[in-house]
Amino acid sequence: MADQTRAPKSRTSKPRSSKSHSKTGRKSPQLEANKASATRKAAPSESTEKPENGQGRDANPFLDLAGKWQDAWADGMNGLLEHQRGLNPFLNNRHPEQVKPAEEGCPPTDVEPAAKLTSVDRLIHVMLGQAMGGVSPASIGLAWMDWSAHLAMSPGKQAHLLEKAQRKLARLALRQMKSLRKGETQPPCIQPLPHDHRFDDPAWHEPPFDSLYQSFLLMQQWWHNATTDVRGASKHSLDMMNFMSRQVLDMCSPSNNLFTNPELLKKTLEEGGDNLSRGFLNAVEDWERTSAGHPPVGAENYRPGETVAVTEGEVVYRNRLIELIQYKPTTEKVGAEPVLIVPAWIMKYYILDLEPQNSLVKYLVDRGHTVFMISWKNPTAEDRDLSMDDYLDFGIMKAVKAVEAIMPDRKIDAVGYCLGGTLLSIAAAYMGRNGDGPLNSVTLFAAQTDFSEAGELKLFIDESQLTFLDDMMWDQGYLDTKQMAGAFHMLRSQDLIWSRLVHENLMGERAPMNALMAWNADATRMPYHMHSEYLRHMFLNNDLFEGRYEAFGHHVSLSDIQAPLFVVSTETDHVAPWKSVYKINLVADVPITFVLTSGGHNAGIVSEPGHPHRHFRMSTREASQRYVSPESWLERTPVNEGSWWPSWVDWLDALSSGQTEPPSLGLADTDYAPITPAPGHYVLQS
C-alpha cells in the first residue's frame with residue numbers, strides 16, 4: 001500500500017548516524033522525532049562520531065544490499081496489495097495506528113511494515129482459502145503428519161492392520177469361490193451401515209457387482225480401522241483423517257460409476273442413453289443457475305409470502321438487524337403469555353412457517369397463542385463489524401422490549417432454534433442474573449450450549465482453520481452462503497453430493513422440490529466480526545458452557561437462567577448432536593423437560609401432527625433431582641409415537657396464567673405500530 005506518511009527517498013548522499021538513520025533512506029516524521037529524542041537521552045559511551053578511517057557499521061555493503069532488497073520486496077508486495085484493493089475494496093490494511101505506543105522505558109516504534117506484511121498474509125490465506133473451499137491445507141497437513149508419524153512408530157498397529165487386510169481378502173476370495181462353484185449367490189461378507197442405501201437394489205447382489213460393492217465396504221471398514229485407535233495421535237487428527245478418508249472413498253464408490261453401477265447400466269440400456277442426455281442437460285442447467293446466483297430448479301415455486309410464510313401477521317418493529325412479526329390470532333381467547341421465537345440467523349425464519357399444513361407458527365396460533373417471530377436481516381459487507389453483543393442487543397433484547405410494550409405486564413415464553421437457541425440461552429442467563437426476569441419459559445430447538453461434542457463440524461474448528469476462515473471473511477466482510485453450504489455438504493457428502501450426482505446427472509431424474517428443500521437453498525450470510533466471535537468463543541474455546549463468556553461486559557452463567565426449560569434434540573442431528581444438547585442438564589438449576597425426537601436437525605423440528613414415521617421420547621427432571629447420563633436416560637425413557645408438537649403446547653399451557661382477549665397487532669402511535677404485512681422485507685433479501 002502506498003505510504004502517505006513517509007518522505008520520498010533522497011537522491012543525494014548525506015552523513016548518516018548509526019542511531020538515527022534508516023537503511024532504506026525513507027523516514028516517518030514521527031519515527032524520526034522518537035529516534036532523535038532517544039539519541040539525546042543516550043549514554044556518553046554511545047557516541048555517534050565516525051571512525052577516523054571513515055568506515056562505520058552503516059557503510060557495510062552487505063547490510064546496505066540486504067536493506068535495499070527488503071525494501072524492493074516490500075514495495076512489490078504493496079503494489080500487489082494496491083492492485084488487489086482495486087479489485088476488492090474490502091481487502092485493505094485494517095491497522096490505522098502507524099506508531100506503536102511506547103512501553104515503559106522504551107521509545108515508540110514504527111509498526112507499519114508489520115501491519116503491511118500481515119495484510120500480505122491475509123491475501124495469501126484468502127487465495128488459498130478460495131482455492132481449497134475454505135479448508136486450511138495446514139490443518140489437513142498437520143493431521144496427516146500426526147497420524148502417519150504415530151502409525152509409523154506403531155509396528156503392533158501395522159501388524160494388526162496387515163492381518164485385517166489378509167483376513168478380509170481371504171473372506172472375499174472364499175465367498176467368490178463358493179459362489180462360482182455352487183452357482184448361487186452367497187451371503188455377503190459385510191453389510192452396509194444402516195444409513196447407507198447405495199447398495200439396496202437387488203442387482204447389487206448379482207455377480208460381478210456383488211464383488212465390487214463387497215470389496216468397497218471391506219476397504220471402507222479397513223480404512224476406518226487404520227484411522228482410529230492410533231496410540232499417541234490426537235483425537236482431532238484421527239477424526240480429521242477418518243473424515244478425509246471417507247470423503248475419498250465416497251467419491252470412489254462403485255455406485256458413482258456408470259460401468260460399475262448395475263442400476264445405471266440397466267437404465268442406460270433400457271433408454272438407449274437418453275438418461276445420460278437428460279443428466280447432461282441437468283448438469284448444464286445447475287451450472288448456469290449456480291453461476292448466476294439463482295436458486296435450484298423448482299425453488300422459485302416456494303416464495304415467502306406466496307406459497308410459504310403465509311400465516312397472516314404484521315411487522316410491528318424494525319431496526320438495522322431484525323424485523324419483528326406479530327401474527328394475527330385465530331381464536332377468541334389466547335394464552336396470557338405471548339410466544340417469542342428466535343430463529344437462527346444462518347437461516348430464514350420461515351422454516352417454522354412453511355406451508356400451512358407444516359407451519360409451527362400456524363399450529364401455535366390455532367392452539368390459542370399470541371406469536372411473535374424475529375426475522376433477521378441478511379447482512380452485507382457493510383455489516384462486517386456487527387458483534388455477538390449487537391445480535392443480542394438489536395435482536396433479542398429489542399424484541400423483548402417490543403413484546404413487553406405491546407403486551408404489558410405479561411411474561412414471555414421464549415423459543416430459540418439452533419444458533420438462535422444458543423443466543424437465547426445467553427440472553428436468558430443475562431436477564432436472570434439479577435433475579436426474576438421477563439421470561440416465563442425457555443424452549444430450545446436443536447440448540448447447543450456445550451460445544452465440546454459438536455459433531456463433525458468440530459473438524460473445521462481449530463486455530464488453523466479459523467485463521468483461514470477469518471481472513472476469508474475479513475476479505476469479503478461476511479461468510480458467504482456457498483462457503484457454508486459447502487461445509488455442510490461435506491458432512492453428508494454421500495447423500496448431498498454423490499447420490500444427487502448419480503440420480504440427477506447419470507440417471508437423469510430430478511428429485512422433486514419441496515418447501516423444506518427450497519428453504520434450505522435460501523440461506524443467509526454471516527457478518528465477519530460476529531461469526532468470528534461465535535466460532536472462537538463457542539466452538540473453539542467453549543467459553544459459554546465453562547463460564548468464561550461475557551455479554552455486555554458481564555460474565556454469563558447458564559445457572560442464572562430462572563425459567564423452566566423445554567429442550568428438543570433430534571436423533572440424527574449432524575449439526576447439534578443430541579448428547580451435546582443434553583449437556584444443559586449439567587449446568588441449569590431449573591426444571592428441564594428433555595425431548596429426543598426422530599429425524600435430523602431440520603426435519604426433526606418440522607414434525608407436524610400426522611407426519612408418518614415419527615416418534616419421540618420425553619421426560620422431565622426437577623431441579624432437585626440428580627443428573628442422569630444420556631445413555632441411562634435413553635434406556636429408561638419410553639418411546640411415544642407421533643409428533644412432539646402437541647406435548648410441547650400442553651407444556652406451555654400448563655405454565656400459562658390463564659386466557660385473555662387477543663391483543664391488537666402492534667401498538668398505534670408508537671415505535672411498534674404496524675409497518676408492513678408479514679413476511680416483511682428482510683426475509684426477501686438475497
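Predicted model: local features only at pLDDT ≥ 70, side-chain atom pairs only at ≥ 80, totals over all residues.
**The chain as a whole**

Residues are numbered from 1 along each chain as its sequence is written, and side-chain values use heavy atoms, with hydrogens and water left out.

The protein chain has 20 helices and 19 strands, these being DSSP runs numbered from the N terminus (helices are H or I with at least four residues, strands are E with at least two). Of its 686 residues, 47% count as buried; a residue is called buried under 20% relative accessible area, exposed over 50%, and partly exposed in between, with a 1.4 Å probe and protein chains only. Among the contacts in the protein chain with a separation of 6 or more, 79% are between residues 24 or more positions apart, a contact being heavy atoms within 4.5 Å.

**Helices that cross**

Two packed helices are described by the angle between their axes and the distance between the axes. Helix α4 (residues 137–152) packs against helix α7 (residues 235–251) at an angle of about 105°, with the axes 8 Å apart; axes are lines fitted to C-alpha atoms, for helices over the stretch in contact, and angles run from 0 to 180 degrees between N-to-C directions. The two helices α4 and α7 are therefore roughly perpendicular to each other, on a scale where angles under 35 degrees count as roughly parallel, over 145 as roughly antiparallel, 65 to 115 as roughly perpendicular and the rest as oblique. Helix α4 brings S139, I140, L142, A143, W144, D146 and W147 to this contact, and α7 brings H236, S237, L238, M240, M241 and M244. Nine of the residues in the contact of α4 with α7 are nonpolar, three are polar and one is charged (Ala, Val, Leu, Ile, Met, Phe, Trp, Tyr, Cys and Pro count as nonpolar, Asp, Glu, Lys and Arg as charged, and the others, Gly among them, as polar).

Helix α8 (residues 262–271) and α9 have axes that come within 7 Å and cross at roughly 105°, which makes α8 roughly perpendicular to α9. Their contact is made by K267, T268 and E271 of α8 together with D274, N275, L276 and R278 of α9, and by class it has one nonpolar, two polar and four charged residues.

**Salt bridges**

A search of the whole structure finds 32 salt bridges, each being a side-chain nitrogen of Lys or Arg within 4 Å of a carboxyl oxygen of Asp or Glu. One of them joins the side chains of E285 and R289 at 4.0 Å, N to O; these residues are four apart in helix α9 (residues 274–292), and are thus separated by about one helical turn. E285 is partly exposed, at 29% relative accessible area, while R289 counts as buried at 19%. E285 and R289 also belong to a network of salt bridges that links them with D286, E300, R500, E504 and R510.

Another salt bridge joins E661 with K333, whose closest N and O atoms are 2.7 Å apart. This pair links distant parts of the chain, 328 residues apart, with E661 in the loop between β18 (659–660) and β19 (676–677) and K333 in the loop between β4 (322–327) and β5 (334–335).

Most residues other than glycine have a negative phi, and most peptide bonds are trans. A cis peptide bond joins P207 and P208, with omega about 0°, and P208 lies in the loop between α5 (155–182) and α6 (209–226). The peptide bond from A678 to P679 is also cis, with omega near 15°, and P679 lies in the segment after β19.

A446, although not a glycine, has a positive phi of about 45°; A446 is in the loop between β9 (439–445) and α13 (463–476) and is buried, with a relative accessible area of 2%. D669 has a positive phi near 60° and is likewise a residue other than glycine, but D669 counts as exposed at 82% relative accessibility, and its place is in the loop between β18 and β19.
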